[in-house]
Amino acid sequence: MTSPLRDLVAAVVLLNAVIGLVTYVTLLERKFAARMQSRIGPYRVGPHGLLQPIADALKLMMKEDVVPARSDRWVYNLAPLAFLLPCLLIFATIPFAPGLGLADLNIGVLFFLAVSALEIVGLFMGGWGSNNKYALLSAMRGVNQIISYELPFIFAALVPVVLSGTLRLGGIVEAQRGLWFAAWPVVGQAAFLAYLVAMIAAENRAPFDILEAESELVAGFRVEYSGMKFALIQLGEYAHVLATSYLGALLFLGGWLGPGPAWLGAVWFTGKALVVFLLVTWVRWSFVRIRVDQILAISWKLLLPATLALLLATAGWVAYRGGAGVA
Amino acid sequence: MADLEARRVIELGYAGNERLVMNMGPQHPSAHGVFRAILTLEGETVAAVDAVIGYLHRCHEKLGETLTYVQYPSIASKTDYVAAMTSELAYVLAAERIGRVEVPPRARYLRVTAAELQRVASHCLWLGTWCMDMGGALGGGATLFLYAIREREMLLDLFEALTGARLLYGFHQVGGTRYDLPAGWAEQCRSTLAFVEKRIDEYEAMLEDNPFFLARTQGVGVISPELAQEIGVSGPLIRGSGIAYDIRRAEPYSSYEDFEFRVPVETAGDCWARYRVRMVEFRESIKIVRQALDGLPAGPISSRPGVKSVGQVRIPKGEAYARVEGPRGEVGCYLIADGGPKPYRMKWRGASFSNLAVLPHIIPGHKVADVVAIMGSVDPVFGEVDR
């Protein structure tokens, strides 16, 4: 049933679908932000600016590839790839509909969380290899922040796992047939909220974007990147945001479940993921950025204890109700 | 050098760490023009800051000696290009003081109207850019920036209708103003002000209930009253530090004594206090403009006949210092006249220049992110700093 050739074709299709979707998600964000700011947004390339992402990609591809003279060339050149790979790899485990996915692993959640945390390597390589003080500071901040928020992110994501009793992403969706986890009183909602906050922080989106912080650090770790390398980093970042949006929709909003025929599942799932994405975008364009020490304080003093307590409480309740798979 | 000086100001908790010297500027997203701050960092904490200015120097004071009293006010606009009405007014006030030139009441009221509208427009820009400093061009800051700029555009429309220009006006001249109000301007002004006032409420609602905004501004960049007086800061900075000093009140010029207004004072001295002062000033300025429009006297707008050549205005021998309360603080102009059509010597006292001098005293000890928040709350315009 699963031949290597079939897997390869599926991987190529998925990769291109993801890249295409990510490209257009940038347009969605730009349009959304523009409406928030009483602007129109991209409008000139194609009808309603629909070809804008393609124009952007072409422009970035044609740009000169500048390598700073005193950079650490190997590290500098490898960083975009090291950043992009885990961001794309995590899509492999997401089932977009029953049976529609590359690999619905029985440790899907674990794989997702572990691989998605790998982006920090590429990020730090970029910050270090650029030999730029802004980039270095940004990379330091990035490591601080991602390590601090990876834990609450994991704890929040584990709440649905405990409730459904499986690490398989498909199983978590099936467990929500009765009620989405986000609709579960208190536990589900608190976990969803914590997931959103930790997701914004782990993705370095405003107001937690101290990593990029262009009013302080110009562009953060990617300040020296141009052309295609910049495009790869940008692609990786949006792919990561999109992937965590998918995961959020899967863990809390019932994944592909929805009215209508089964083939609508993937559409439902993508729609829900985009809702999560727009929630994050809404926050991004409304708040001012907070400071690095305040970000760490929020994580270690508030979010981490809260999510840990939530996870323990959920686990205790599940054990009291008679073991895993109560949902 | 600056490093040692700063160490006296702030004692850091750890010693012996490697330090990183980082340039912020002259080309930097939040340099507010061209400003270079050489930061000495210990980790994220700023140990010392060396402020380098002068990248925008255009020899304004020498230029003042080569241009006549008729020509220079339009150029004076270019010192503080965000609040162009202010420096023009200081220049013509100094010239009028030397020459004992009468200014008709209508012109005085028009000057007040222009100055206060300018204050509102300038504060709009300050609010937007400051929030952009803290929130980033790819974040909530940009949202507020675009909102504030939208309102500033409406005010610039008013200036355009009044003077024909949107940024650099040439509105004031020795003896009065160059233009009278066009037909319908007062109504347009009133409706714009009502609109802007409503929008200011919205900004306050958006910012003051926002915990992130509070966390970024409260307790950050505290200027003590003593420091404020020692450095000679003025405007919203000194009023944010608990000293009720406003030249419109302390030494009224251009008939400010006729108007009812409040001088807002906050005692905390941090970025939040300066923000609050400016937010109240928005409303007070709007109030003053309304009063000026209500009580606008009839009569001529200038005590001098229209000039036929640029050398026609001559000021008798003498010297004078005139100062006005600009949006950023005390803007002063010192003029020495020798009886000819051009001043013998001119010297600017820029509000931004004096306010900027406080930065090396308050920044050390803060994080890098606070540097831009403090810079933005000082609201420097580098055209005025470097002149």
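Colleague: How many salt bridges are there between chain B and chain A?

Modeller: Look for a side-chain nitrogen of Lys or Arg within 4 Å of a carboxyl oxygen of Asp or Glu. In this predicted model, the count between chain B and chain A is 2. One of them pairs Asp370(B) with Arg291(A). Their closest N and O atoms are 3.0 Å apart.

Colleague: Which elements of chain B give two or more residues to the side that touches chain A?

Modeller: They are β1 (20–24), α5 (105–135), α6 (140–163), α8 (211–217) and α15 (368–378) of chain B. The largest share comes from α6(B), with 7 residues.

Colleague: What classes of residue make up that side of chain B?

Modeller: Sort the residues by class. The side of chain B that touches chain A has 22 nonpolar, 12 polar and 6 charged residues.

Colleague: How much area do chain B and chain A bury between them?

Modeller: Think of surface lost when two parts are put together, summed over both. Here that is about 2800 Å², with 61% of it on carbon and sulfur atoms. The contact takes 40 residues from chain B and 30 from chain A.

Colleague: Now chain A by itself. What is its secondary structure?

Modeller: Chain A has 12 helices and 0 strands.

Colleague: What part of chain A is buried?

Modeller: The cut-off is under 20% relative accessible area. By that rule, 50% of the 327 residues of chain A count as buried.

How values were computed
Residues are numbered from 1 along each chain as its sequence is written. Chains are lettered from A and ligands numbered from 1 in the order in which they are written. This is a predicted model: local features need pLDDT of at least 70, side-chain atom pairs count only at pLDDT 80 or more; totals for chains, interfaces and linings use all residues. Side-chain values use heavy atoms; hydrogens and water are left out. Contact means heavy atoms within 4.5 Å. Buried area is the accessible area (1.4 Å probe) that two parts lose on being put together, summed over both. Helices (H or I, at least four residues) and strands (E, at least two) are DSSP runs, numbered from the N terminus. Ala, Val, Leu, Ile, Met, Phe, Trp, Tyr, Cys and Pro count as nonpolar, Asp, Glu, Lys and Arg as charged, and the others, Gly among them, as polar. Buried means under 20% relative accessible area, exposed over 50%, partly exposed in between (1.4 Å probe, protein chains only).
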